[in-house]
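Thanks for coming. Please have a look at it first.

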Amino acid sequence: MADHGEAMCRQVDGGMTRVFELFGKRWTGLIVATLMPGPVHFADLRRAIPGISERMLSDRLMELAATGLVVREVDAGPPLRVSYRLTEAGLAMEPALKELGRWAETYLADGGQCPEQFRK
């Protein structure tokens with residue numbers, strides 16, 4: 001039987017677990033990235049993220065609002081329009097998202113596959 005010391009039984013960091021519970025869901029990162037420059041109306045947000053349904057966008061925005069990353073604002077009408085913006089906590093994700101984008105350009109630029117020179 002193999003000896004399983006403490007180093008062999010590593011556990012995932014609690015903070016990392018919370019990050020990926022939220023950002024591991026499809027669309028969440030794209031929504032946050034789209035809101036990074038400033039407030040966006042719901043319809044414009046949906047158009048900016050091809051393939052997302054209204055229902056899914058609404059669900060993800062509610063989750064982001066519940067975590068304190070996004071604020072929903074109702075613009076006085078007529079017509080009545082709803083926009084969303086990032087809170088200070090949401091905006092604080094910018095360096096991490098930019099770094100992930102740079103990483104993807106380097107390591108996933110080849111159609112989503114890691115180029116051969118990086119597979120060693």
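I begin with Glu 63, which is partly exposed because its relative accessibility is 23%. For that scale, buried means under 20% relative accessible area, exposed means over 50%, and partly exposed is in between, with a 1.4 Å probe and protein chains only. Before going on, the provenance: this is a predicted model, where local features need pLDDT of at least 70, side-chain atom pairs count only at pLDDT 80 or more, and totals for chains, interfaces and linings use all residues. Residues are numbered from 1 along each chain as its sequence is written, and side-chain values use heavy atoms, with hydrogens and water left out.

Back to Glu 63. Its salt bridge is with Lys 25, and the closest N and O atoms are 3.3 Å apart. Glu 63 lies in helix 4 and Lys 25 in the loop between helix 1 and helix 2, so this pair ties together parts 38 residues apart in sequence. Lys 25 is also partly exposed, at 35% relative accessibility. A salt bridge here is a side-chain nitrogen of Lys or Arg within 4 Å of a carboxyl oxygen of Asp or Glu. Helices (H or I, at least four residues) and strands (E, at least two) are DSSP runs, numbered from the N terminus.

How many salt bridges does the structure hold? There are nine. Another one links Glu 54 to Arg 46, with the closest N and O atoms 3.6 Å apart. Salt bridges that share partners also join Lys 25, Arg 60 and Glu 63 into one network. Then there is Asp 44 with Arg 47, where the closest N and O atoms are 2.4 Å apart. Both of these residues lie in helix 3 (residues 42–48), three residues apart, about one turn of the helix. Asp 44 is partly exposed at 29%, while Arg 47 is exposed at 60%.

Apart from neighbours within four places in sequence, Arg 60 is in contact (heavy atoms within 4.5 Å) with Lys 25, Arg 26, Trp 27, Thr 28 and Ile 31.

On the pairing itself, two strands pair if DSSP finds at least two bridges between them. Strand 1 (residues 40–41) and strand 3 (residues 81–86) have two bridges, and six join strand 2 (residues 70–75) to strand 3. Tyr 84 in strand 3 stands opposite Val 40 and also opposite Arg 72. Asp 75 has Arg 81 as its bridge partner in strand 3. The hairpin from strand 2 to strand 3 runs through five residues.

That is where I will stop.
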